[in-house]
Amino acid sequence: MYEITIVLDRLRSAYNVGNVFRIAEAIGAKEIIACGYTPSPPHPKLAKTAMGTDLLVPCRTMPDSSAAVDALRAEGCKMILCADALPGSVPAWEMRYEYPLAIVFGNEALGILPETLAKADGIVGLPMFGAKSSINVGNAAAAILYAVVGRRAPEEE
């Protein structure tokens, strides 16, 4: 089994968080860690978008994503990545993943805490070719997480 933890760093929109819960459930993620002011269950707007997956995917909260990384390391997480379009980020479909795996997704305006970026094993992203170079965090999570599960070797299933 592939253990994937999704860490959400200061997401403002409960609707985006609900969307990530649906993606997490669809890929069989182990859990979601909601950091900072990221909405977490029970939350009516999150529940509306999550369509019941907020009851299926375990969720815990942490004061910030740096604390989440520390906790995940202490729990034996082998690889912790940040999802961002920063220079030097590796396209999600080219990364070689190790499990247990955690991926941190950040605030659309603020990004991921610098302390968290410094503690990560790498940065995974999606190439951006447009003028704005920005996509919704829920859409980015879907693309990246499906790239992760797509990299699984058939014999490892």
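Are Arg-10 and Asp-9 buried or exposed? Both residues are buried in this predicted model. They also pair up: Arg-10 forms a salt bridge with Asp-9. The closest N and O atoms of this pair are 2.9 Å apart. This report starts with the whole chain and then returns to single residues.

## The whole chain

The protein chain has 5 helices and 7 strands. Read along the sequence, these elements follow the pattern β-α-β-α-β-α-β-β-β-α-β-α.

How does the radius of gyration of the protein chain agree with that of a compact globule, and what is it? The chain has 157 residues, and a compact globule with that number would have a radius of gyration near 15 Å. The protein chain has 14 Å, which agrees. Along the principal axes, the C-alpha atoms fill a box of roughly 40 × 35 × 30 Å.

Of the 157 residues, 49% count as buried. The protein chain exposes about 7800 Å². Carbon and sulfur atoms supply 55% of that area.

Contacts tell us how the chain meets itself. Take the contacts with a separation of 6 or more: residues 24 or more positions apart account for 78% of them.

## Charges and salt bridges

The protein chain has 14 positive and 17 negative charges. Side chains of opposite charge can pair when their charged atoms come close. A search of the whole structure finds 6 salt bridges. The table shows some of them, including the pair from the opening.

| Salt bridge | Closest N and O atoms |
|---|---|
| Arg-10 with Asp-9 | 2.9 Å |
| Glu-75 with Arg-60 | 2.7 Å |
| Asp-70 with Lys-119 | 2.9 Å |

Look at Glu-75 and Arg-60, which form a salt bridge. The pair links distant parts of the chain, 15 residues apart. Glu-75 sits in the loop between helix H3 (65–74) and strand S4 (79–83). Arg-60 belongs to strand S3 (residues 59–62). Glu-75 has a relative accessible area of 47%, so it is partly exposed. Arg-60 also counts as partly exposed, because its relative accessibility is 24%.

Now take Asp-70, which forms a salt bridge with Lys-119. Asp-70 lies in helix H3 and Lys-119 in helix H4, so the pair ties together parts that are 49 residues apart in sequence. Asp-70 is partly exposed, with a relative accessible area of 40%. Lys-119 is partly exposed too, at 30%. Salt bridges can also share partners: in this way Glu-31, Arg-60 and Glu-75 are joined into one network.

Thr-116 itself lies in helix H4 (residues 114–119). Why does Thr-116 count as buried? Its relative accessibility is 0%, and buried means under 20%.

Ala-92 lies in a loop, between strand S5 (90–91) and strand S6 (101–106). Ala-92 counts as buried, at 0% relative accessibility. Setting aside neighbours within four places in sequence, its contacts are Tyr-97, Val-124, Gly-125, Leu-126, Ile-144, Ala-147 and Arg-151. One of these partners is Ala-147. Ala-92 and Ala-147 are 55 residues apart along the chain, yet their C-alpha atoms are separated by 5.8 Å.

## Backbone details

Most residues other than glycine have a negative phi, and most peptide bonds are trans. Some places in this chain depart from that pattern.

Where do we find cis bonds? A cis peptide bond joins Pro-41 and Pro-42, with omega about -5 degrees. Pro-42 lies in the loop between strand S2 (31–35) and helix H2 (44–50). The peptide bond from Tyr-99 to Pro-100 is cis as well, with omega near 0 degrees. Pro-100 is in the loop between S5 and S6.

Arg-10 is back again here. Arg-10 is not a glycine, but its phi is positive, about 60 degrees. Arg-10 lies in the loop between strand S1 (4–9) and helix H1 (14–27). Its relative accessible area is 15%, so Arg-10 is buried.

Met-51 has a positive phi too, about 50 degrees, and is not a glycine. Met-51 is found in the loop between H2 and S3. Is Met-51 buried or exposed? Met-51 is exposed, with a relative accessible area of 60%.

Key
Residues numbered from 1 in each chain as written. Predicted model: local features only at pLDDT ≥ 70, side-chain atom pairs only at ≥ 80, totals over all residues. Heavy atoms only, no water. Helix = DSSP H or I, 4+ residues; strand = E, 2+ residues; numbered from the N terminus. Buried < 20%, exposed > 50% of the residue type's maximum accessible area, 1.4 Å probe, protein only. Rg over C-alpha atoms; globule rule 2.2 N^0.38 Å. Contact = heavy atoms within 4.5 Å. Areas by Shrake-Rupley, 256 points an atom, 1.4 Å probe, with all protein chains shown as cover. Lys, Arg positive; Asp, Glu negative; His and termini not counted. Charge placed at Lys NZ, Arg CZ, Asp CG, Glu CD. Salt bridge = Lys/Arg side-chain N within 4 Å of Asp/Glu carboxyl O.
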